[in-house]
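The sequence and the structure follow.

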Amino acid sequence: MSYDLVVRGGLVVTAEYAVVADVAVVGERIAAIGHDLGGAVELDARGLYVIPGGVDGHVHLTDPTFPPYAELTGDSFATGTRAAAFGGVTTVVDFAQPAVGQPLVEGLDRRLADAAGEAVIDYGLHLNLRDPDPALLADVAGVFERGVPSFKLYMAYEGYRLPDVAIFRAMAAVAGHGGLAVLHAENDDVIGELGRRLEAEGKAGPAWLEACCPPEAEAEAVHRAIALAGIAGARLLVFHLSCAESADEVARAKRDGRDVAGEVTSHGLVLEQSALRSGDLHAQSLAVRPPIRDASQRDALWGALAAGTIDIVSSDHCPRVPLETSHAAGVSGIEARLALVHTFGVGTGRIDLCRWVEACCTRPAEVFGLARKGRLRPGCDADIVVFDPRKEVTLSPETLHSALPFASYDGVTLTGFPVATISRGDVIVADGAFVGEAGRGRFVERSY
């Protein structure tokens, strides 16, 4: 049998195994994995890895209604998904941000309009619930009907933070439809008080961020989120765990049989506190919450990822630049994530190849309800990445493909990087060039 496309002779790496084989595609789906397969188009992957397309379930592309982007510029759906494709990502999940008082479905439809005809890879959305008014929860069913089964809830940030009772109500509503509650978990009251005390002593800026946000203030909130989810009967994903104390809370919940998952960011695994001490623009751009912590915490996160306590790695790509100044903010990781985890995880022996693929591709697809993504299996979408484990890339604004004038990992040298990206059977990145069609990405309706 002849196939439309065959990726030949690579080391096929999945969450379960690694074996030299061919991957064959018919139309938009994987048709077979085997040997001596022939196709109308053949890609030679000998000496390279063949892995599922990466799934990044936590990205913030430019949204003019999202307060951090007021009077700012960042990566649009067009530029951000193009950068993602170069980094071996074939599916992202962004956010819809209904305003306080706005019907949830109306806010969702506005965000869908932002993405339509722009993205070059497939995408989904989470719904950010910012309004504590319980009357708005009547809209939850309509959000699910549009293929959005995950709701993000905040314990931090003015304008986003919800009281515990509103979080509990939302979790119960989401649980009633079998969905997923996603939490930014920090004790904002304690963090605010510590910040005020430090500022009174003249201690402000990125170098003091971790002192404002101690691990205990995060772990307490993670514990509280898990307890609320348990009472509400909700599935829970805790975003961007940054410390051993929080990972321990997730581990305890898993041992108790709770339906709880944990996420770590690529910057939490790779960067450490000293990057914030320079006080320069680069340090300011990395002043995110929860904060980047010290090397011992970074090592603890790797241990939790290897053990499965932490399920997935995301980029939390949220970079932005004010229109009138050069002050950058937010981590730009959408293109670098897959290669960063390979270099600093697989390359150092912290995790093996299968766990790398599981954490960056397969498990995110499971957690976010993407049934045909993140796997090399007949019947799944033909989202395939050819990855050269020996290719060296030094990250910089010039080597990356974001629209941004800065790179959060500027100067970091990676060993291993994607050399071809296939999305639903279409080769969209090859030989260092984008060869796909603009706006070809589709909105993926998700369910559990």
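Of the elements around the second largest pocket, β17 gives the most to the lining, with four residues. Helices (H or I, at least four residues) and strands (E, at least two) are DSSP runs, numbered from the N terminus. This is a predicted model, in which local features need pLDDT of at least 70 and side-chain atom pairs count only at pLDDT 80 or more, while totals for chains, interfaces and linings use all residues. Residues are numbered from 1 along each chain as its sequence is written, and side-chain values use heavy atoms, with hydrogens and water left out.

The strands β4 (38-44), β16 (384-394), β17 (413-423) and β18 (426-430) each supply at least two residues of this pocket's lining. A pocket here is an open set of points on a 1 Å grid over the protein atoms alone, where a 1.4 Å probe fits, with protein on both sides within 12 Å along at least five of seven lines; lining residues have an atom within 4 Å of a point. The second largest pocket has 19 lining residues, and Pro418, Val419, Ala420, Asp431 and Gly432 lie nearest its centre. Its volume is about 310 Å³, a volume being the space filled by probe spheres set on the points, which are joined across faces, edges and corners. Twelve of the lining residues are nonpolar, three polar and four charged. In this count Ala, Val, Leu, Ile, Met, Phe, Trp, Tyr, Cys and Pro are nonpolar, Asp, Glu, Lys and Arg are charged, and the others, Gly among them, are polar.

The next topic is the interior. A nonpolar core is a set of buried Ala, Val, Leu, Ile, Met, Phe, Trp, Tyr and Cys residues joined through side-chain atoms within 4.5 Å; buried means under 20% relative accessible area, exposed over 50%, and partly exposed in between (1.4 Å probe, protein chains only). The largest nonpolar core has 82 residues, and those with the most contacts inside it are Met171, Leu236, Trp356, Leu395 and Tyr409. Helix α7 (residues 215-232) provides the largest share of this core, seven residues. Apart from it lies another core, of 18 residues, including Ala83, Phe86, Ile428 and Val429.

Thr81 is in helix α1 (residues 77-86). This threonine is buried, with a relative accessible area of 0%. Leaving aside neighbours within four places in sequence, Thr81 is in contact (heavy atoms within 4.5 Å) with Leu61, Ser76, Val92, Glu118, Ala119, Val120 and Ile121.

How many disulfides does a search of the whole structure find? The search finds zero, a disulfide being a pair of cysteine sulfur atoms within 2.5 Å. Cys360 is in no disulfide, and the nearest cysteine sulfur, that of Cys361, is 5.9 Å away. That distance is too far for a bond. Cys360 is buried, with a relative accessible area of 0%, and Cys361 is buried with a value of 0%.

The backbone has some features to look up. Most residues other than glycine have a negative phi, and most peptide bonds are trans. A cis peptide bond joins Arg289 and Pro290, with omega about -10°; Pro290 lies in the loop between α10 (281-285) and α11 (295-307). Tyr157, not a glycine, has a positive phi of about 80°. Tyr157 sits in the loop between β10 (150-154) and α4 (164-175) and is partly exposed, with a relative accessible area of 30%. His240 has a positive phi near 35°. The loop that holds His240 runs between β12 (235-238) and α8 (244-255), and His240 is buried, with a relative accessible area of 5%.
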